[in-house]
Amino acid sequence: MTRTDELARAAAPARPRWVAPVGVLAIVAAVVIVRAVTSGASVDLPSALQDLITLAASVIIESLPFVVLGAVLAAVVRIWLPSGLLVRVLPRNPVLRRLAICVIGVLLPVCECGNVPLARGLLVSGLSVSESMTFLLAAPIVNPITILTTYQAFGFSDGVLIARVAGGLGIALLVGAVFAARRDGMALLTERFAAECRMPHAHVHGSRWTASGREVVAELGTLMPALFVGAVVAAGIQVVVPRSVLVTLGENPLWSVLALMALAFVISVCSNVDAFFILPFASAFLPGGVVAFLVFGPLVDVKMLALMRTTFRASTLVPLAVVVALAALALGLAVNLGV
Amino acid sequence: MPFRLAGAGRGVLLVAAPLGVTLWLAATGRLDLYIHPRYIVFTVIMCAIALVALVLGALARGDGHDHGLDDPLGDPLDGGEPVAAPPARGRALRSVLSGASVVVCAALAIALVVVPPTTLTSATAVQRAAAPVAPAAGAAPVDAHASTAGFTLKDWSALLAQTSDPSFYAGRSVDVTGFVVAGARGGSTFSLTRFVVTCCAVDAQPVSVPVLLPGWSDQYAADDWLHITGTFVADPSGGAAPIVLQPDSVTTMHEPDDPYLY
């Protein structure tokens with residue numbers, strides 16, 4: 001906020017405290033009313049456009065609760081946990097420290113979109129960029145719901161479950177180690193978010209509850225535009241690219257892996273349930289392709305890239321995506337070739 | 001400041017639009033058009049929490065504790081707009097991308113609120129038709145004496161993938177509901193189709209059974225919902241599908257309240 005803004009704000013008459021909350025509720029109520037009024041309307045859109053809207057809406061509605069949960073957990077870390085607690089209790093050895101951070105993911109049943117705000121909260125609370133990145137990549141795969149659903153879908157057949165959990169963990173630690181080598185971790189972040197991280201730990205004005213609400217809304221305000229863009233791109237690609245293009249590649253050890261990685265990148269399905277999604281494909285694709293799908297998708301897909309762009313520079317995300325893709329490809333090939 | 005006000009309004013709308021729409025869909029029982037029913041309670045609870053957070057966040061703004069950097073309702077769309085001014089070329093590209101993001105977000109927010117909620121169409125069913133449906137996605141293997149009473153389209157589709165022995169289907173009556181997807185073999189056959197959802201509409205996969213009904217396209221169009229009773233028989237025309245559904249009765253109907261199968 002500039003000095004001029006501050007002066008203008010100081011000179012403006014104080015609004016009653018209830019105006020802003022009532023305004024927010026009025027906006028939500030207006031959305032509900034317009035939605036109710038237009039629900040019976042006859043809108044004759046081309047099928048492809050209609051399906052694009054339905055798919056994009058589905059991505060947003062499915063992701064919204066997880067993003068909110070992640071934002072709430074981030075607010076808990078930033079507002080309610082004692083300042084620096086996480087930094088103090090974690091091991092000092094960098095490798096053990098990153099391993100311990102992966103374990104945090106085991107305790108949190110949050111899928112990848114919820115982990116973005118939580119990782120941002122961990123960064124602001126003092127974790128390094130590479131440590132937060134390790135958490136961001138490990139948590140969607142090692143969380144208990146993901147492990148449970150993968151087990152329900154595949155059991156221990158073809159080593160899919162073991163390869164997914166061990167591979168995801170390994171890739172997260174690998175990426176963490178790669179980016180830990182950077183001396184200035186803050187250079188990996190967007191300037192705006194790096195500036196936020198450099199600020200002294202926020203002192204809470206007034207109630208912690210209102211401060212928590214402010215943090216949650218700040219995260220949602222940052223992530224929702226990214227989610228919207230990611231949803232539209234993911235839906236658009238799904239409408240345009242026929243599924244048959246990918247399915248015909250299933251029997252080749254290399255192409256089966258690449259095809260399912262491409263599918264994972266496009267569909268951006270939640271890691272908690274992606275095992276059920278890919279299960280029917282298991283009959284047409286080699287198991288390495290399935291493993292690559294289950295490892296690559298939660299870490300790098302259209303929606304996640306859009307969400308991660310709120311925090312990391314594009315020049316960070318490109319090498320991150322390349323490292324993850326190569327590692328997932330190697331893992332998939334290793335499974336296919338029985339290495 | 002106009003930009004800040006515009007940003008604040010934009011942020012509120014991009015949270016409020018899906019929030020309000022989700023709550024309305026849940027209240028009217030249509031949320032399952034987008035997500036699996038098992039997530040509805042969780043989704044509604046998290047939306048309620050988001051609503052409370054919006055109110056609390058607005059109260060915090062009222063307290064005047066805005067540090068400027070993290071304007072809660074008005075972050076730039078790419079989240080990475082630099083605090084320091086970038087070079088002119090980068091600024092131009094950033095402006096274009098930011099403008100495109102604004103258009104995309106606004107268009108989708110408006111569509112969410114205005115376009116009536118509906119299921120995926122037959123266009124997506126055709127587009128995804130190559131996706132395999134393994135028996136594992138449907139029922140467990142069925143032995144020759146097992147009952148098929150109450151089988152849905154998903155069950156029959158999985159069964160057709162398991163066996164194409166006509167004698168297995170003899171005497172088994174079929175009672176299924178689905179929408180029309182034009183068959184690849186021209187006039188005599190169409191696919192009666194439903195989408196199976198594991199998490200949300202994004203992962204919807206079509207399951208179908210071939211229906212033998214010469215001249216069907218004179219009476220029905222793609223996306224029409226039909227209720228069909230009949231029996232499975234060996235395809236007399238010797239087409240690609242060895243077993244087809246021969247209808248005894250075909251009834252047009254409105255889209256059911258629960259259009260997806262799970």
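This is a predicted model: local features need pLDDT of at least 70, side-chain atom pairs count only at pLDDT 80 or more; totals for chains, interfaces and linings use all residues.
Start with chain B. It has seven helices and five strands. Along the sequence, their order is α-α-α-α-α-α-β-β-β-α-β-β. Chain B has 262 residues, and 44% of them are buried. Now take the contacts in chain B between residues with a separation of 6 or more. Of these, 65% join residues 24 or more positions apart.

Next comes the largest nonpolar core. It holds 191 residues. A:A56 and A:F228 have the most contacts inside it. Helix α3 of chain A, residues 47–80, gives the most to this core, with 20 residues. Chain B takes part as well: domain 1 (2–114) and domain 2 (122–253) each supply at least three residues.

Now turn to helix α5 of chain A, residues 94–107. Its 14 residues should span 20 Å, because each residue counts for 1.5 Å. The end C-alpha atoms are 21 Å apart, which agrees. Four names make up the buried set of α5(A): A:R98, A:I101, A:C102 and A:G105. They cover an arc of only 100 degrees around the axis, so they sit on the same side of α5(A). These buried residues pack against α7 (129–142) and α9 (160–180) of chain A. What does the face turned away from the buried side of α5(A) carry? That face carries the exposed residues A:L96 and A:L107.

Conventions
Residues are numbered from 1 along each chain as its sequence is written. Chains are lettered from A and ligands numbered from 1 in the order in which they are written. A nonpolar core is a set of buried Ala, Val, Leu, Ile, Met, Phe, Trp, Tyr and Cys residues joined through C-beta atoms within 7 Å. A residue is buried if 20 or more other C-beta atoms lie within 10 Å of its own, exposed if 12 or fewer, and partly exposed in between; C-beta atoms are placed from the backbone. Helices (H or I, at least four residues) and strands (E, at least two) are DSSP runs, numbered from the N terminus. Domain bounds come from an automatic or database domain assignment. Two residues are in contact if their C-beta atoms, placed from the backbone, lie within 7 Å. The expected span of a helix is 1.5 Å times one less than its number of residues. The arc is that of the directions from the helix axis to the C-beta atoms.
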